[in-house]
Structure formats: C-alpha cells, structure tokens
Amino acid sequence: MSVLLIALAAGAVIGLALGALGGGGSVLAVPALIYLLGFTPVAAGTASLVIVTVTSATALTAHAREGRVRWRTGLLFAAAGIGPALLGGAVAGRLPQAVLTTAFAVTAGLAALRMLRPRPDEASGPVRPLRAAGAGAGLGALTGVLGVGGGFLAVPALVGVVRLAMREAVGTSLLVITVNSLAALMMRTGTADGLDWAVIAPFAGAAILGAWDGRRLAAKVSGPALRRIFALVLLGVATFMLIDAALR
C-alpha cells in the first residue's frame with residue numbers, strides 16, 4: 001500500500017474518533033505516524049498536533065451548533081493547561097525516544113482503565129472551577145511533553161473529575177484539544193522544519209472528512225457505549241505500544 005493511501009486511511013479513522021469520541025486523535029495519530037509512515041516520535045508528536053488541531057477545530061463547530069459544548073468550563077480547563085503545555089513542549093525535545101513512547105503508552109492505558117470504571121449517572125453535575133483548573137493544568141503538561149492534543153485524557157477528566165455527561169464531555173473536549181494543541185505547537189516550531197507535508201496534508205484532509213461522519217455516529221450511540229468504545233480503543237493502542245517498546 002502506498003504512503004498516500006496509508007495516510008488517507010489513517011486520517012479517516014482518526015477523524016472518525018475525534019468526531020465521535022471527542023478525543024483519541026493524537027493517541028491514534030502518533031502510533032500511525034511512527035509505525036506506518038516512518039516518522040520519529042518527536043516528528044510524529046509535532047505532526048499529530050498539526051493534524052489534530054485542524055480536525056478538532058472543524059469538529060468543534062458541528063458539536064457547538066448542537067449545544068454540546070460547555071464553553072466556560074472548556075475555556076477554564078484549557079486556559080489552565082496553556083502554561084504547562086508550553087513548558088512540556090520545551091522539555092519534549094530533550095527526552096529519549098524510548099521514554100516518550102513508553103510514557104505515551106502508560107498514560108493512554110491508565111486513562112482507558114479509568115473510563116472503563118462504571119458510572120451510573122450520565123447527567124452533568126455542578127462544575128467546580130478549582131477542580132476543572134487543576135485537571136486542565138495536568139492535561140496541558142502531558143499535551144506538551146507527549147505531543148498529543150489531550151482529548152484522550154480530556155474526556156476521562158471531564159467525565160470523571162469535572163462530572164460532565166459523556167456527550168457534553170465529547171463536545172467540550174474538542175475545545176480543549178484545539179487550545180492545547182495550538183499552545184504545544186508554539187513550542188515545537190523548531191521541530192516542524194523536517195516534516196513531510198506531502199503526507200501530513202492528505203492525512204489532515206481525510207481526518208477532517210472523517211470527523212463529520214464521527215459526529216453523526218455519536219448522535220446515534222448512547223453515552224455509556226461511547227465511553228466503553230473510547231476506553232477499549234485506548235487500551236488496545238497502549239498495549240500494542242508497550243509490547244513494541246519491550247521488544248525493541
């Protein structure tokens with residue numbers, strides 16, 4: 001299969017995840033860029049931020065029109081993470097590739113296990129600003145270091161810590177992803193010079209189209225089912241990356 005076809009197929013899957021689940025774009029994009037398209041972990045992190053930023057911003061507009069975005073909560077959550085994301089982006093280029101890969105896999109696995117824990121109440125609870133800001137700061141740091149938009153952690157945090165319903169967490173996480181990704185990209189501008197834009201451009205285009213299909217899919221699936229699907233995808237990716245790191 002040619003590089004272009006791989007980029008298009010991977011982009012479609014990642015866009016579908018972002019549109020339907022409000023996250024998972026980077027956690028899928030980084031392994032795809034490394035294992036299928038030959039990017040280094042640092043380059044894959046930068047490229048994934050570019051792809052996820054444009055895709056999540058597109059998907060956000062659709063969810064916003066349907067009233068699924070909690071703007072004040074999302075902006076507070078994202079604003080608290082900007083500073084840590086900038087610091088994390090500066091640190092990322094100094095860490096060994098093996099450390100980045102392992103940290104990425106462990107973080108994804110822990111987020112998946114948290115999402116699989118049963119939660120009987122699917123309604124949104126009252127938002128506590130300090131709790132939302134604390135969760136946002138921690139997410140911002142991981143966004144900068146690991147080169148992820150943060151949706152795969154934002155959704156569990158918005159559901160489990162901030163207590164949003166799954167559908168609102170999906171829409172709100174897209175706002176968080178967009179802000180965090182832009183902040184992290186600001187600190188990675190020096191790593192963008194050697195990126196293969198002939199791969200990134202079609203990858204991003206397919207992801208944007210996939211995100212629209214994902215939004216329609218989310219409207220037909222229950223909140224608990226979305227949460228389980230999200231967690232199982234994360235767990236599978238984390239397991240694969242840990243096994244691969246151990247065999248290297």
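The model is a predicted one, in which local features need pLDDT of at least 70 and side-chain atom pairs count only at pLDDT 80 or more, while totals for chains, interfaces and linings use all residues. Residues are numbered from 1 along each chain as its sequence is written, and side-chain values use heavy atoms, with hydrogens and water left out. The protein chain has 10 helices and 0 strands, where helices (H or I, at least four residues) and strands (E, at least two) are DSSP runs numbered from the N terminus.

**Overall fold**

- From the N terminus on, the order of elements in the protein chain is α-α-α-α-α-α-α-α-α-α.
- Of the 248 residues of the protein chain, 54% count as buried, a term that means under 20% relative accessible area, with exposed meaning over 50% and partly exposed the range in between (1.4 Å probe, protein chains only).
- Among the contacts in the protein chain with a separation of 6 or more, 87% are between residues 24 or more positions apart, a contact being heavy atoms within 4.5 Å.

**Helix α3**

- Helix α3 covers residues 41-65, and its 25 residues reach 36 Å from the first C-alpha to the last, close to the 36 Å expected at 1.5 Å a residue; the expected span of a helix is 1.5 Å times one less than its number of residues.
- Because 19 of its 25 residues are buried, α3 is largely enclosed by the rest of the structure.
- At the start of α3, a side-chain oxygen of Thr 40 comes to within 3.2 Å of the backbone nitrogen of Ala 43; a polar contact is a pair of N or O atoms within 3.5 Å, where within protein one must be able to donate a hydrogen and the other to accept it, and residues adjacent in sequence count only if both atoms are side-chain atoms.
- After α3 comes Gly 67, with a positive phi near 70 degrees.
- Thr 53 lies in helix α3 and counts as buried at 9% relative accessibility.
- Leaving aside residues up to four places away in sequence, Thr 53 touches Thr 178, Ser 181, Leu 182 and Leu 185, and its C-alpha is 9.2 Å from that of Leu 174, although Thr 53 and Leu 174 are 121 residues apart in sequence.

- The 21 residues of α8 should span 30 Å at 1.5 Å a residue, and the end C-alpha atoms of α8 are 30 Å apart, which agrees.
- With 16 of its 21 residues buried, α8 is likewise largely enclosed by the rest of the structure.
- Helix α1 (residues 3-21) and helix α8 (residues 166-186) pack at an angle of about 120 degrees, with their axes 7 Å apart; axes are lines fitted to C-alpha atoms, for helices over the stretch in contact, and angles run from 0 to 180 degrees between N-to-C directions.
- The helices α1 and α8 are therefore oblique to each other, given that angles under 35 degrees count as roughly parallel, over 145 as roughly antiparallel, 65 to 115 as roughly perpendicular and the rest as oblique.
- On the α1 side the contact is made by Leu 18, Gly 19, Ala 20 and Leu 21, and on the α8 side by Val 170, Leu 174 and Ile 177.
- The residues of this contact of α1 with α8 comprise 6 nonpolar, 1 polar and no charged, where Ala, Val, Leu, Ile, Met, Phe, Trp, Tyr, Cys and Pro count as nonpolar, Asp, Glu, Lys and Arg as charged, and the others, Gly among them, as polar.
- Ser 173, also found in helix α8, is buried with a relative accessible area of 0%, and its side chain reaches the backbone oxygen of Val 170 at 2.8 Å.

**Other helices and a loop residue**

- Thr 73, in helix α4 (residues 71-92), is buried with a relative accessible area of 9%, and it touches Val 127, Leu 158 and Val 162 when residues up to four places away in sequence are not counted.
- Helix α6 (residues 129-146) has 18 residues that should span 26 Å at 1.5 Å a residue, in agreement with the 26 Å between its end C-alpha atoms, and its buried residues include Ala 132, Gly 136, Leu 139 and Thr 143.
- Arg 227, in helix α10 (residues 223-247), counts as buried at 7% relative accessibility, and its C-alpha is separated by 7.4 Å from that of Leu 116, 111 residues away along the chain.
- Arg 163, in the loop between α7 (151-160) and α8, counts as partly exposed at 32% relative accessibility, and its phi is near 70 degrees, a positive value in a residue other than glycine.
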